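My notes follow in the order in which I checked each point.

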Amino acid sequence: MSFDELGLSDKVLQAVTASGYTQPTPIQAQAIPHVLSRRDVLGIAQTGTGKTAAFTLPMLTLLETGRARARMPRTLILEPTRELAAQVEENFVKYGVNHKLSVALLIGGVSFADQDMKITRGVDVLIATPGRLLDHFERGKLLLTGVELLVIDEADRMLDMGFIPDIERIVKLTPFTRQTLFFSATMPPEIQRLSDKFLSNPVKVEVARPASAAQTITQRLVATGHEPAAKRETLRELIREAVDLQNAIIFCNRKRDVAVLHRSLLRHKFNAVALHGDMDQRARMIALDAFRTGESKILVASDVAARGLDIPAVSHVFNYDVPHHAEDYVHRIGRTGRAGRSGAAFTLVAPGDEKSLSAIEKLIGVDVPWQGQTVREAGFEPERPARGRGRRTGGRPAEPQPERAETTSRRREERPEGRETPRREPAAPRGAGKGEGRRRERDRERDDSFETPSFGDHIPAFLLRPAVIKTKK
Ligand code: AMP
């Protein structure tokens, strides 16, 4: 099938040709004609399948008629993270070169004033993260009653990040006559419930089910001890021995481990950058750019920080930890083996990881082969709780410990990223009193969930100064 057969406008087709695409991907071929005929679409697809163009291309075609009105966006795209929102904007810039459409990005960490100015002038496409969108709405700067088309992207990630109450609220603010496109990589029951609620007689388009997404990827399990120094050593060996490694993403379950592992790799002279939730937006963009351009070959990342990022042609994925959620494994290894290319995914497995591993194998429907011995054959010992407060100790005592001991509290370390702040209750209706202000404040902090402010390992000097208490004489 060619792009010409999908019903896209000439302007869009020219931009597609200029992008160098010759054939639509399966999700594009299946979804685009339905979007153009104004049907609701339920797209079950993960990133890397070309799903962003599956909605941006027909949206551009549809937006060629009609015009934007002040404060009333014509279309709305909801994204769980700033990076994803920014990537969708880039797509509109790339495919919309022949259009004169106004696109606004409402994400946290950027001044309200500039965003207000754009909305006031009227936008054709509004791309937003839920928290910032509601902030604008509550400030009276935005009306969603003119939304003709709504896209809810990465719905399962929205669920993970506790954004569903916000999404439900936003959808209620849009007209029921709107067209809705709903994308999710997986369909847990809560997401099914939402799609039933938001979509009207949708066309279901399903591509590259998680279990089959891995066909071009060579997956291997690698046994290791569970203590950090042993894991880091095993990982370094794997990287050094990897065949045809062009670039790699290393996934950690905890953002703190991302920072520790990154520092360790730099000490061992690996060319690596890191992406985790305690980094500010600028630092994240710099790291991502370095990785995208190939200046840095290795990206150490957490699931939330890396989810959905458009990083083409990754040759290797290393799971420093077995992910706790089986779906995260599918997302992680989906960073390689894209667009029919071959890729390799190695997962370090330590004693105690059996449960998470079997959940993954159940989800993907295959037993991942071991490279070398299994954990049991290698004789790695399980973690044993130490005396006292249940702290964990190393299980491979003879192993040299080349790196500094961990210093920060274990409690913080064990929180998976993205689930650091407690889940929010459903947002209260407007004007619900003081609690609303506090809730919005919290929303702002967690606009992208991994924005939770933290000092990381650094303790600011003012906290170390002794407190001086003045007493009256
Ligand atoms: P996405 O799934 O939207 O994150 O897209 C993944 C990657 O595929 C991006 O780098 C797109 O630029 C690229 N892409 C999208 N559509 C096509 C296509 N029809 N042919 C080749 N590459 C594509």
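Entry 1, ligand shell. By class, I find three nonpolar, eight polar and three charged residues in the shell around the ligand, where Ala, Val, Leu, Ile, Met, Phe, Trp, Tyr, Cys and Pro count as nonpolar, Asp, Glu, Lys and Arg as charged, and the others, Gly among them, as polar. The ligand is surrounded by 14 residues, the closest being Tyr-21, Gln-28, Gly-48, Gly-50 and Thr-52; a residue is near the ligand if one of its heavy atoms lies within 4 Å of it. I note that this is a predicted model, in which local features need pLDDT of at least 70 and side-chain atom pairs count only at pLDDT 80 or more, while totals for chains, interfaces and linings use all residues. Residues are numbered from 1 along each chain as its sequence is written, and side-chain values use heavy atoms, with hydrogens and water left out.

Tyr-21 places a polar side-chain atom 2.4 Å from an oxygen atom of the ligand, whereas Gly-50 brings a backbone N or O atom to 2.7 Å from a ligand oxygen and Thr-49 brings a backbone N or O atom to 3.0 Å from a ligand oxygen. The protein buries 78% of the 500 Å² that the ligand exposes when taken alone, with areas from the Shrake-Rupley method and a 1.4 Å probe; for residues, only the protein chains shown count as cover.

I read an open sheet of seven strands in the order β3-β4-β2-β5-β6-β1-β7, with parallel pairing; strands (E, at least two residues) and helices (H or I, at least four) are DSSP runs numbered from the N terminus, and two strands pair if DSSP finds at least two bridges between them. The edge strands, each pairing on one side only, are β3 (103–106) and β7 (203–206). Strand β1 (residues 41–44) is joined to β6 (residues 179–184) by four bridges, and Leu-42 has Phe-182 as its bridge partner in β6. Four bridges also pair β3 with β4 (residues 125–128) in the parallel sense, with Leu-106 opposite Ala-128.

Which residues of β3 are buried on its two faces? They are Val-103 and Leu-105 on one side and Ala-104 and Leu-106 on the other, where buried means under 20% relative accessible area, exposed over 50%, and partly exposed in between (1.4 Å probe, protein chains only). Helix α8 (residues 164–173) is mostly covered, with eight of its 10 residues buried, among them Ile-164, Asp-166 and Arg-169.

Between α3 (51–62) and β2 (75–78) I looked up Arg-71, which has a positive phi of about 60° although it is not a glycine, and which is partly exposed at a relative accessible area of 29%. Arg-74 lies in the loop between α3 and β2 but is buried, with a relative accessible area of 3%; its side chain reaches the backbone oxygen of Leu-63 at 3.4 Å and that of Gly-66 at 3.3 Å. Glu-154, in the loop between β5 (149–152) and α7 (155–160), has a positive phi near 55° and is buried, with a relative accessible area of 3%.

Definitions and conventions. Polar contact = N/O pair within 3.5 Å; in protein donor to acceptor, adjacent residues only side chain to side chain.
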